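Please read the following walk through the model with the structure open beside the text.

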Amino acid sequence: MTGHEVDLGAALAHLRVLPLGTDGVLIETDGLDESLALFGALLAQPVAGILDVVPAARSVAVRFLPTLLPIASLMSVLRSLPTSRDAATQGRLVEIPVRYDGEDLAEVARLSGLSVDEVVDRHAGATYTVAFTGFAPGFAYLTGGDPSLAVPRRATPRTSVPAGAVAMAGEFTGVYPRESPGGWQLLGRTDVALWDLAERVPALLQPGMRVRFVDVTEGPPAVEEAATPEFEEPAPASSRPAPSPSPAEPVSADPAPVAPPPVDRPRPDRALVVSAPGPFSILEDLGRPGRSGLGVSRSGAMDHRALREANRLVGAATGSAALELAYGGLEATARGDLVLAVAGAPVPLTVHGASGVRHALPGAAFALDDGEVLVVGAPPRGVYSYLAVRGGWVAESVLDSASGDVLARIGPGRLAAGDELGVGRAWSESVAAAAHDAQRSVSAPDEVTLLDVVLGPRDDWFTAEALERLTGQRFTVTAQSNRIGLRLAGEHPLERAVEHELPSEATVSGALQVPPDGQPVLFMADHPVTGGYPVVACVVGDQLDRAAQVPVGASVRFRVVPGPDLGAGRRGGRRDARVDERAADERGVEQ
């Protein structure tokens, strides 16, 4: 990254602006300089209605609120940006001490035709720029290194890379913020914390910052305090800059979320004591939007509408945390008298008490007296049910949300037997009556759910036959699906017309990313911030709740609808009438 001035006006004049669902666009650039210049220009003059800006290697994603900022207005904002901008904003310089003793150091030397000492000297002799974030919270993609060190990823990724590993892949350098699988070439290690929830801004590195690695191989062990900005005096931890609004692999197994350090508190006098947590139960609210600069997606409830309805029924604020139950299965005992409600997938509710057994109904508030046991059965339709309580569940807030994120591993963890869900004393309205239209229909295993999609941003990476197959066949939701995404299986895979590797770029909830096997993955609440596989289409935002309720084994079918009018004859602005005819002959779900 040279810091030279970018002719942003000329760059914007010929950039491609591609649809990213109904509330986002992906702006292609000629390279990282242009991406960072555009990213900086958009942040320099905040615009009401822009929700998030995510830079990447050759693109910038902008998510916006169409009701506040129509697409025509957003395009006007882009045209009105300054005609020039520094590519590198000369952001804060962070020095990171490294012990160059990585397992792949000799292999990097072999691939680059250099000696090990030359590899170390060239890697530590460069000043890097944080281009973008993704893969994991706190993981920054650093560019600006010596071109001779551009080496490919390992042929076989490691199942475990330790936290603090300094690694390279292609043109990028990065530091693993936590232990995780990875295929980058390992050069060394540092003790500096790249992600620390005790800090006001947990991510040490964010887009636009500069980084220099300091070789301490022969010196004392690296310590966290050595990572200080290049100022006359070290900046205190509390002076980390505020997060900038601001890429990853397909769905992986659910890791355990990491909650903040435990705090000693009095035992709540009212609680739900869990004896059986069910297949997967976790506290969720409406998530933490605008944190992509930290490498964190929004997360939150899989079905927002159902969460809001459960809270409305007990008189709680609609965005309050509720217990998200995947496929029911909860069994818990009340300590103190509670008022509860369940919305979403219609699970059977049975209350066992001293006076016998009674049944409660989803979609209506019910009492659970002290000592009574609530048993939640499996839903005949749908996946996710939400259990809300009058007074609210007591939960630690991480980055202003009580949502558990299984990919980022932050927020409340997965519920386990023996856990106690404390009940708070939050302000509440009166318990509400059930609304006539609240308990909408959700998908059954034998039904086909129709989902509208907007083509793009990378539909032109696929053959015409693949686009036909996208809407011309059913896709089954497989058992590998989770909160990160729904893995789909179609009879015919989607074949690509463009075979070369896609530089990592932003992803969104609802994105249909297509890995090499041609079977799409529908990203959901805990999706990665960026991804390295092309996105053929995005599910229309207000249908994500419907998509979340499609159970394993059920099928979905996609229908193309017009996206935002971006001009220039975008192929995404068409509707597929043929799938309407096919859907009429099948049993679909209308919600």
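Helices (H or I, at least four residues) and strands (E, at least two) are DSSP runs, numbered from the N terminus. The model is a predicted one, in which local features need pLDDT of at least 70 and side-chain atom pairs count only at pLDDT 80 or more, while totals for chains, interfaces and linings use all residues. Residues are numbered from 1 along each chain as its sequence is written, and side-chain values use heavy atoms, with hydrogens and water left out.

Begin with the surface. Leu-68 sits in the loop between β5 (59–64) and α3 (71–79). With a relative accessible area of 52%, Leu-68 is exposed; the classes are buried for under 20% relative accessible area, exposed for over 50%, and partly exposed in between (1.4 Å probe, protein chains only). Together with Leu-51 and Leu-65, Leu-68 forms a nonpolar surface patch of about 260 Å² of accessible area. Patches are made of residues with over 30% relative accessible area and no salt bridge, with like charges joined within 9 Å and nonpolar side chains (Val, Leu, Ile, Met, Phe, Trp, Tyr) within 5 Å. A salt bridge here is a side-chain nitrogen of Lys or Arg within 4 Å of a carboxyl oxygen of Asp or Glu. Accessible areas come from the Shrake-Rupley method with a 1.4 Å probe, and for residues only the protein chains shown count as cover.

Next come the sheets. Strands of a sheet pair through backbone hydrogen bonds, either parallel or antiparallel. Two strands are taken as paired if DSSP finds at least two bridges between them. Six strands make up an open sheet in the order β22-β21-β24-β19-β16-β26, and their pairing is antiparallel. At its edges are β22 (356–360) and β26 (420–422), each of which pairs on one side only. From one strand to the next the twist averages 25 degrees, where axes are lines fitted to C-alpha atoms, for helices over the stretch in contact, and angles run from 0 to 180 degrees between N-to-C directions. Within this order, β19 (residues 331–335) and β24 (residues 373–376) are joined by three antiparallel bridges, and Thr-333 has Val-373 of β24 as its bridge partner.

Strand β25 (384–389) has six of its six residues buried. Tyr-384, Tyr-386 and Ala-388 point one way, and Ser-385, Leu-387 and Val-389 the other way. β25 pairs in the antiparallel sense with β18 (residues 322–326) over four bridges, where Ala-326 is opposite Tyr-384. β25 also pairs with β20 (residues 338–344), again antiparallel, over five bridges; here Ala-343 faces Tyr-386.

The loop between β25 and β26 holds both Asp-400 and Ser-403. Asp-400 has a positive phi near 65 degrees although it is a residue other than glycine, and it counts as exposed because its relative accessibility is 65%. Ser-403 counts as buried because its relative accessibility is 0%. Leaving out residues up to four places away in sequence, the contacts of Ser-403 (heavy atoms within 4.5 Å) include Leu-283, Arg-288, Ser-299 and Pro-412.

Ser-299 belongs to the loop between β17 (280–284) and α6 (304–313). Ser-299 has a positive phi of about 60 degrees without being a glycine, and is buried at a relative accessible area of 3%.

One more backbone feature remains. Gly-456 and Pro-457 are joined by a cis peptide bond with omega about 10 degrees, and Pro-457 lies in the loop between β27 (448–455) and α7 (464–472).
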